[in-house]
Amino acid sequence: MLLNYIQPVFRPPSEAQSLILQVSNGCSWNKCTFCEMYTEPQKRFKPKPIAETRKELQQFLSLGIPVRRVFLADGDAMTLSYRRLHEIMQAINEYLPDIQRVSAYCLPRNIKNKSVEELQRLRQMGLELVYIGCETGDDLVLERVDKGETWQTSLDALQKLQQAGIRRSVMILNGLGGVRHSEQHALNSASLMNESQPEYLATLVVSFPKGQQRLQQGYAGEFQMLNLRQLLEEMEVMLSALNLEKTIFRSDHASNYLILKGVLNKDKERLLNQVRTALSHPESTSFRAEWQRGL
């Protein structure tokens, strides 16, 4: 095999045309009760030796296939040390000289032990974008789902990345607070975004294809999933509270029932009108069908 993937491998939708370079396996935290992406036995976290990464890049170079973008997998490649990331970026630049962008998933904790200067050097080498799963800005919900983060630690990471010139694509999970904590989840997520002003913001609908057992443990059995109307109401609350200068907003992941796209705050009223129309006239709204959601 040219690229020795340990399956399953996940990537953001926008990285569909990128070379997926698996520089680590699994997720270094892997405790979030809403996430089952890396819970299978073969996905136990482990960095890949740099020699293997260099060999894979060398083999790919021999194919003569032009590569413009690289995505560093797995769940939080940014947990690797600055030294290891620097070696990876050196190898990418050596074997893929025409590279235009390198990106990776990132947890807020991954940034804590990296200085702004170190992040700037990685940015200069091509690490341009990170996808940050903040999930929520509400401390109670973060505790319930065992995220291991707070509103403040998330903000600290987002601001440090901004100072380094690395673009941030933040993910918020619509419905993560359940019915009881829906409003505070929406308002505090908006507060975190207003303070950090990310370049990109995406919302995904929380889902549990393998069941809710792990999540319910953190919620002491009180978690109640939002129905479609409640999801839209939560989205209306968050959008209303957002005050962003120039953030590209997307709610078009396979999990989303209502597709929303725009720039905030420029398109805020249009997006709110879409949500409110869906609430008042669901019968004439084009929702994504369950079979289309790919879950």
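1. In this predicted model, the buried residues of helix H3 pack against H2, S6 and H5. The helix spans residues 116-124, and its buried positions include Val116, Leu119 and Leu122. Viewed down the axis of H3, the buried residues fall within an arc of 120 degrees, so they line one face of the helix. After H3 comes Gly126, which has a positive phi, near 120 degrees.

2. The largest nonpolar core holds 62 residues, and those that touch the most other members are Val70, Leu72, Met78, Ile92, Leu239 and Leu242. Helix H2, residues 82-95, gives the most to this core, with seven residues. Apart from it lies another core, of 25 residues, which has Phe71, Tyr105, Val141 and Leu215 among its members. Met78 deserves a look of its own: leaving out residues up to four places away in sequence, Met78 touches Leu85, Ala104, Tyr105, Cys106, Asn110, Ile111, Lys114, Leu119, Leu127 and Val130.

3. Strand S1, residues 19-22, is covered on both faces, with Leu19 and Leu21 buried on one side and Ile20 and Gln22 buried on the other. S1 pairs in the parallel sense with strand S4, residues 69-73, over four bridges, and within S4 the bridge partner of Ile20 is Phe71. Phe71 also belongs to an aromatic cluster with Tyr105 and Tyr131.

4. The C-alpha atoms of Glu135 and Leu204 are separated by 9.0 Å, although the two residues stand 69 residues apart along the chain.

5. Thr136 lies in the loop between strand S6 (127-135) and helix H4 (139-144). Is Thr136 buried or exposed? Thr136 is buried, because its relative accessible area is 0%. The side chain of Thr136 reaches the backbone nitrogen of Asp138 at 3.1 Å, and beyond four places in sequence Thr136 touches Val141, Leu142, Ile172, Leu176, His185, Ser189 and Leu192.

6. Ser154 is found in helix H5, residues 151-164, and counts as buried because its relative accessibility is 1%. Residues up to four places away in sequence aside, Ser154 touches Pro108, Cys134, Glu149 and Leu192.

7. The aromatic pairs come to six in number. Phe208 and Phe223 form an edge-to-face pair, at 5.9 Å centre to centre and with 80 degrees between the planes. This pair links distant parts of the chain, 15 residues apart, with Phe208 in the loop between strand S8 (200-205) and helix H7 (213-218) and Phe223 in the loop between H7 and helix H8 (228-241). Phe208 and Phe223 are both buried. The rings of Tyr219 and Phe223 have centres 5.1 Å apart and planes at 50 degrees, so this pair is tilted; Tyr219 is buried, as is Phe223.

Definitions and conventions: Residues numbered from 1 in each chain as written. Predicted model: local features only at pLDDT ≥ 70, side-chain atom pairs only at ≥ 80, totals over all residues. Heavy atoms only, no water. Core = buried A, V, L, I, M, F, W, Y, C linked by side-chain atoms within 4.5 Å. Buried < 20%, exposed > 50% of the residue type's maximum accessible area, 1.4 Å probe, protein only. Helix = DSSP H or I, 4+ residues; strand = E, 2+ residues; numbered from the N terminus. Contact = heavy atoms within 4.5 Å. Polar contact = N/O pair within 3.5 Å; in protein donor to acceptor, adjacent residues only side chain to side chain. Arc of directions from axis to C-beta. Pairing = 2+ DSSP bridges. Phe/Tyr/Trp six-rings, centres within 6.5 Å; stacked < 30°, edge-to-face > 60°.
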